[in-house]
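Thanks, everyone. Let me put the structure up, and then I'll walk through it.

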Amino acid sequence: MAINMLDMIGVGPFITLPILLSAMGGPQAMLGWIFGALLAVCDGLVWAELGAAMPEAGGSYRFLRTMFPGELGRFLAFLFVFQLIFSAPLSVASGCIGLSQYAAFLAPSLGGHWWAWGRVSAGPGTLVAIACVALALVLLYRRLANLKWISYVLWTAVIATIGWILVTASLYGHLGRAFSFAPGAFHLTPSFFSGLASAMLIATYDFWGYYNVTFLGAEVKDPARTIPRAILISIGAVAGLYLLLNVAILTVMPWQPLVGETELGARQALVAFFMQTAYGGHLGMVLGRVAAGLVMITAFASVFSLLLGYSRIPFAAARDGNFFRIFGQLHARHGFPYVSLLYLGGAAMVFCFFSLKEVIAALVVLRIVVQFLLQHVGVMVLRKRRPDLPRPFRMWLYPLPPVLALAGFGYILLARPMFYRELGEALAVVALGALFYFIRRFRRSESRPENRPKWSESV
């Protein structure tokens with residue numbers, strides 16, 4: 001449960017609330033959290049059944065190979081790792097962009113842009129985000145015998161910041177301010193439903209992490225009980241914490257400026273401006289800077305842990321013979337997967353040139369298409385193919401959880417404004433991954449001795 005919550009409560013809740021509010025134009029966007037939590041429960045039940053039935057290292061990679069028969073399972077497992085070389089750097093970049101926004105609160109000269117072209121832009125904050133990736137790479141480019149300290153730093157900074165926000169809101173907040181809805185906020189118009197889909201996408205990004213225990217299934221004691229409990233309890237605990245956190249912020253800061261273009265600083269460094277507004281004067285400025293520093297520590301710690309964990313997945317798949325061999329190389333002296341680490345870090349630096357909103361949308365859509373939807377279909381296929389497979393935990397109300405999860409994620413994919421842009425990018429990754437897979441498969445079959453032409457045929 002601690003591992004799951006550690007990954008769920010990263011920098012996300014400190015940087016995404018303004019995006020969430022903008023999606024629906026007011027505090028009714030909290031519906032995105034509520035429906036996002038229900039969607040996480042449905043998806044979590046799927047993870048719980050698979051994790052308890054297959055408690056092995058690798059999580060989705062192993063699940064996909066088992067759920068689908070033969071070559072199809074191998075192909076989908078390859079696709080999962082292939083999308084990871086895009087989605088993992090996107091996830092890292094989101095933390096770095098969030099860190100750069102809070103850095104601009106501490107040093108206003110780091111704000112603004114030098115140039116912008118289409119969806120790409122660059123400015124001092126971009127350099128800060130890239131430097132964040134570079135520093136994490138430098139620290140990770142060595143043998144690391146004990147990484148517990150990074151977990152302690154992350155957990156302490158996050159819990160301290162959330163606790164501080166809740167105490168401050170209880171002292172200086174006004175509950176009515178958090179629920180001052182605009183006229184027509186709940187009119188069931190097409191824009192309401194498209195905004196709700198966008199809000200649920202942000203909530204999905206912030207909830208992710210409840211399944212991380214399944215990637216460590218081989219090291220979990222009594223996985224049949226531990227994995228389902230860890231998943232479901234962490235979803236409930238974090239959902240309650242997120243709702244409290246966001247309501248607390250809105251009791252101090254009016255939501256109206258956060259959805260407009262005038263208060264750009266407050267939108268980008270929300271927690272710092274929250275403290276500044278609550279305490280006021282010189283004390284507010286000092287405490288705002290302290291809050292910005294805490295969020296930056298949290299952001300960097302999450303970037304560090306993401307790069308560490310994700311770099312091992314392409315390495316493991318390459319060693320399994322189901323991914324590009326270059327990712328399976330270990331550093332000659334220190335014994336860590338340096339090619340995988342350097343690639344993910346380099347790609348994350350490229351994604352730092354995009355906005356936080358675009359990075360999150362691309363990340364969530366790609367993961368839904370290539371990982372989550374496949375698992376929801378796969379768990380039902382596995383029930384048909386392998387009814388004899390031991391299932392220590394059977395999801396409640398089957399088949400409702402995977403069916404509802406498919407509907408919920410499909411709604412997020414297709415109901416948002418401009419949904420075709422991120423969906424097209426995700427399908428392009430799928431097509432590219434399929435092309436690489438079948439080229440590799442063809443080359444492997446050609447290299448087998450029985451498929452090589454005889455000497456006379458060569459002549």
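Secondary structure to start: the protein has 20 helices and two strands. Helices (H or I, at least four residues) and strands (E, at least two) are DSSP runs, numbered from the N terminus. This is a predicted model: local features need pLDDT of at least 70, side-chain atom pairs count only at pLDDT 80 or more, and totals for chains, interfaces and linings use all residues. Residues are numbered from 1 along each chain as its sequence is written, and side-chain values use heavy atoms, with hydrogens and water left out.

Overall dimensions next. The C-alpha trace spans about 85 × 50 × 45 Å along its principal axes. The radius of gyration is 23 Å, which agrees with the value near 23 Å for a compact globule of 459 residues. That radius is taken over C-alpha atoms, and the globule rule is 2.2 Å times the number of residues to the power 0.38.

Burial. Of the 459 residues, 53% count as buried. Buried means under 20% relative accessible area, exposed over 50%, partly exposed in between (1.4 Å probe, protein chains only). Helix H3, residues 17–24, is mostly covered, with six of its eight residues buried. Those are Leu17, Pro18, Ile19, Leu20, Leu21 and Met24. Just after H3, Gly25 takes a positive phi of about 70 degrees.

Now the cysteines. Cys132 counts as buried, at 5% relative accessibility. Cys352 counts as buried too, at 4%.

Last, the backbone in the loops. The peptide bond from Tyr398 to Pro399 is cis, with omega near 5 degrees. Pro399 sits in the loop between helix H17 (356–385) and helix H18 (400–414).

Which loop holds Asp222? The one between helix H10 (190–207) and helix H11 (223–252). Asp222 is not a glycine, yet has a positive phi, near 50 degrees. Asp222 counts as partly exposed because its relative accessibility is 42%.

Met418 is in the loop between H18 and helix H19 (419–447). Phi of Met418 is near 60 degrees, again positive in a residue other than glycine. Met418 is partly exposed, at 43% relative accessible area.
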